[in-house]
Every structure is written in C-alpha cells, then in structure tokens.
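Dear colleague,

I am handing over a structure to you with this email, together with some notes on what was found in it. Please look at it below before reading on.

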Amino acid sequence: QGDANWRGWDAPNLITNYQSVIYTDGGGSAVTKAATYPSAVCLDDQSIVIAYHRQTAAKHQVRVQIMSSSANTFATGITVYEQDSAPSADLSSGFHPCLVKLPGDRLLLYFLTESNSLGNVVAYESTDGGSNWTAASSGVLDAPISLSAASSGYNLRRIRAAYGGGQVLL
C-alpha cells in the first residue's frame, strides 16, 4: 500500500447473471444432445463469439454462435463443419474447437479431425466477426499425428492458439 504504483485490491465479483448458449433435452434427431468444449472470444464492439462441439442424434458439428453487444441472448447457431460419425476416443470424442481473434475482428477457428488413424487440425477463417466462414486449411500440421495404438499413437485433446506480433501460435 505504501508503493506509488499500488492501485488497490481487485475484489472478487459475484456472479449475478448467466446466459445459456443452448439448452438441451436429448430428444429428437435435430435437438442438441450435447454442447461441449466451448471456446469464446470478445470482438472490438464487445460482441461475443463462441464455438463448440454440438452433438445431435444424427450429426456431430462444430457450431458458432454470436451475441451482439446490444443483445442479451446468443443468435441462432452457424454450422461450420459436420459429420455423421462421432469423433473417436483418440480425439477424446470431440472436435475441441479453438477461436482466435485477429486484428479487425477477423477470426480463426481451429478444431481436430481424423482420417485413417491420423489426426490433424483444420482451420476456418471469418472476416466478418463470425457470421460467415471459409475453409482456410484442411490440415495445418506439417505432418498428421498418428493415432494408432499399434504405433504408439497419441490421443489428441484440447488445442489452444494465440495471436501476437503478426503470428499465430498453435
């Protein structure tokens, strides 16, 4: 307290409100059974963009939802990627999406995929704050990672990425 740079104690805040991204009841082929592995970023205008793995009875999807700074609920979801089968246990049964905000509200979305016992990271890009997405890369790793237990393969789990100094660290 005697230091000229001391600015006081940041008191913990009580949670006074919460927002649901999606409600689930587990029924019906198009109804969400699970929404897992969320990743969220805040845009320059204070809008929130969230990506998550959505499971219905028929599909597994990477979905994105946006809450504008003037709204109090998330808008209808945007399906960026989907497949019929569940991700394997080698991917911890999820896509594990990861959002990265770039300057000017450009966004990158990374998530795990697998093919022929090989794992990789897919990248999608949005230049309009998450409203529209285009595939940037079907595999950002130099070489896919073996998931085969017979060859001492790995289980892929969470991925994290950060932007700084004009580069993305994955």
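What share of the contacts in the chain with a separation of 6 or more comes from residues 24 or more positions apart? Counting as a contact any case of heavy atoms within 4.5 Å, residues 24 or more positions apart make up 45% of the contacts with a separation of 6 or more.

Before the details, please keep in mind that this is a predicted model, in which local features need pLDDT of at least 70 and side-chain atom pairs count only at pLDDT 80 or more, while totals for chains, interfaces and linings use all residues. Residues are numbered from 1 along each chain as its sequence is written, and side-chain values use heavy atoms, with hydrogens and water left out.

The confidence of the predictor in each residue is given as pLDDT, on a scale from 0 to 100. Over the chain its mean is 82, and 78% of the residues reach 70 or more. Where pLDDT is low, the predicted coordinates should not be read in detail.

The overall make-up

The chain holds eleven strands and zero helices, where strands (E, at least two residues) and helices (H or I, at least four residues) are DSSP runs numbered from the N terminus. Of the 170 residues in the chain, 34% are buried; here buried means under 20% relative accessible area, exposed means over 50%, and partly exposed lies in between, with a 1.4 Å probe and protein chains only.

Strand S6 and its partners

Strand S6 covers residues 107-115 and is mostly covered, with seven of its nine residues buried. Two strands are said to pair if DSSP finds at least two bridges between them, and S6 pairs with strand S5 (residues 98-101) in the antiparallel sense over four bridges. Within this pairing, Leu99 has Leu109 as its bridge partner, and Val100 stands opposite Leu108. S5 and S6 form a hairpin with five residues between them, and in the turn Gly104 has a positive phi of about 70 degrees.

S6 is also joined to strand S7 (residues 118-126), again antiparallel, by nine bridges, and Glu114 has Gly119 in S7 as its bridge partner. The hairpin of S6 and S7 has two residues between the strands, and Asn116 takes a positive phi near 55 degrees there.

Thr113 lies in strand S6 and counts as buried because its relative accessibility is 12%. Not counting residues up to four places away in sequence, Thr113 touches Tyr81, Leu91, Leu118, Gly119, Asn120 and Val122.

Thr113 is also one of the residues that line the largest cavity, the others being Tyr81, Gln83, Pro87, Leu91, Phe95 and Glu114. Strand S4 (78-83) and S6 are the elements that give two or more residues to this lining. A cavity is a set of points on a 1 Å grid over the protein atoms alone where a 1.4 Å probe fits but cannot get out, and lining residues have an atom within 4 Å of a point. The largest cavity holds about 30 Å³ of space, a volume being the space filled by probe spheres set on the points, which are joined across faces, edges and corners. A search of the whole structure finds one cavity of 30 Å³ or more.

Two residues elsewhere

Ile48 is found in strand S2 (residues 48-55) and counts as partly exposed because its relative accessibility is 32%. Among the residues that Ile48 touches, leaving out those up to four places away in sequence, are Val41, Gln65 and Phe74. Ile48 and Phe74 are 26 residues apart in sequence, with 8.5 Å from C-alpha to C-alpha.

Thr76, in the loop between strand S3 (60-67) and S4, counts as exposed because its relative accessibility is 70%. Apart from neighbours within four places in sequence, Thr76 is in contact with Val64 and Gln65. The C-alpha atoms of Thr76 and Ile66, ten residues apart along the chain, are separated by 7.9 Å.

With best wishes

Notes: On a 1 Å grid over the protein atoms alone, a cavity is a set of points where a 1.4 Å probe fits but cannot get out, and a pocket is an open set with protein on both sides within 12 Å along at least five of seven lines; lining residues have an atom within 4 Å of a point.
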